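Me: I have a new model open and want to learn to read it. Can we go feature by feature?

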Amino acid sequence: MAVDRIRIDQLLGKTGAGSRSQIRQMAKKGRIMLNNVVINDPSVKIDPKTDELKLDGVRVAYSEYEYIMLYKPAGYISATEDRKQKTVMELIDSARSDLSIAGRLDIDTEGLLLITNDGEMIHRLLSPKRHVDKVYYLETDVKIPDDAAQKMAEGIVCDEELTALPARLKVQSENSALLTIHEGKFHQVKRMMKAVGCDLTYLKRLSIGPLVLDESLGAGGSRNLTEEEIDALRHCN
Ligand code: URA
């Protein structure tokens, strides 16, 4: 993907180095070097692929797009900032200021979270029109009724605000199942299961389209997506 020339202050802002004015101060103090020459004007445009930018003598790693897989543990909220609660951003190894979450998970839900600054990809994965599958593993407080899978397949009426698109429920035991949905409405899986008389005791997202949770990360672990994973997401649906 082509990377355009970008202003030094813009680039450093995206990496989380500081605000525009803070970066201006850094430049004034001679803390920024471009190809080993001190740069006092942070509005200078550079090519991040070929130019070497250093802040306080340390090379600034930058790529236009970043794609991070997080195995979200329970107890963290899917938000970029929060005054009271721990956010998933605290778990990842990136200070970038332009990251968003592709499909939030509730605080008590675990599993696959994709965090990226590729807005177009987020839109594609979440658009109900695209029908990108999201697969969840769930456990319930009571036995899953025998007709639940049929009701889900027909598109279940959850409440006045939500009639779910047809979904696939694969019952695994009396109290556990895999549910594949194509949407991501607020508390969607909980509301769908409630509509067949079950409260959830556990919920975990296993996949989004072709992107499958890397279980080896363990809860709280994260890594960058591989080129193959990024490519598969770009070409799904
Ligand atoms: N559906 C829910 O109810 N909760 C989630 O976290 C994700 C999907």
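Me: How many aromatic pairs does the structure hold?

Reply: This is a predicted model. It holds two aromatic pairs. Take Y65 and Y67: their ring centres are 6.3 Å apart and their planes meet at 35°. Planes under 30 degrees apart would count as stacked and over 60 as edge-to-face, so this pair is tilted.

Me: Is Y65 buried, partly exposed or exposed? And Y67?

Reply: Buried means under 20% relative accessible area. Y67 has 5%, so Y67 is buried. Y65 has 28%, so Y65 is partly exposed.

Me: How do I read a nonpolar core? Which residues have the most contacts inside the largest one?

Reply: In soluble globular proteins, nonpolar side chains tend to be buried together. Here the largest nonpolar core has 32 residues, and I115, L179, M192 and M193 have the most contacts inside it. Elements that each supply at least two of its residues include β9 (110-116), β12 (176-181) and α5 (188-194). Apart from this core lies another, of 17 residues, with Y67, L114, L211 and L213 among them.

Me: Which residues is M192 in contact with, leaving aside neighbours within four places in sequence?

Reply: M192 is in contact with M152, I156, C158, A164, A167, L179 and I181.

Me: Now the ligand. Which residues are around it?

Reply: Among them are L105, D106, Y136, H187, Q188 and V189. A polar side-chain atom of D106 lies 2.7 Å from a ligand nitrogen. The protein covers 96% of the 240 Å² of accessible area that the ligand has on its own.

Definitions and conventions
Residues are numbered from 1 along each chain as its sequence is written. This is a predicted model: local features need pLDDT of at least 70, side-chain atom pairs count only at pLDDT 80 or more; totals for chains, interfaces and linings use all residues. Side-chain values use heavy atoms; hydrogens and water are left out. A nonpolar core is a set of buried Ala, Val, Leu, Ile, Met, Phe, Trp, Tyr and Cys residues joined through side-chain atoms within 4.5 Å. Buried means under 20% relative accessible area, exposed over 50%, partly exposed in between (1.4 Å probe, protein chains only). Helices (H or I, at least four residues) and strands (E, at least two) are DSSP runs, numbered from the N terminus. Contact means heavy atoms within 4.5 Å. A residue is near a molecule or strand if one of its heavy atoms lies within 4 Å of it. A polar contact is a pair of N or O atoms within 3.5 Å; within protein, one must be able to donate a hydrogen and the other to accept it, and residues adjacent in sequence count only if both atoms are side-chain atoms. Accessible areas come from the Shrake-Rupley method with a 1.4 Å probe; for residues, only the protein chains shown count as cover. Rings of Phe, Tyr and Trp (its six-membered ring) pair if their centres lie within 6.5 Å; planes under 30 degrees apart count as stacked, over 60 as edge-to-face and the rest as tilted.
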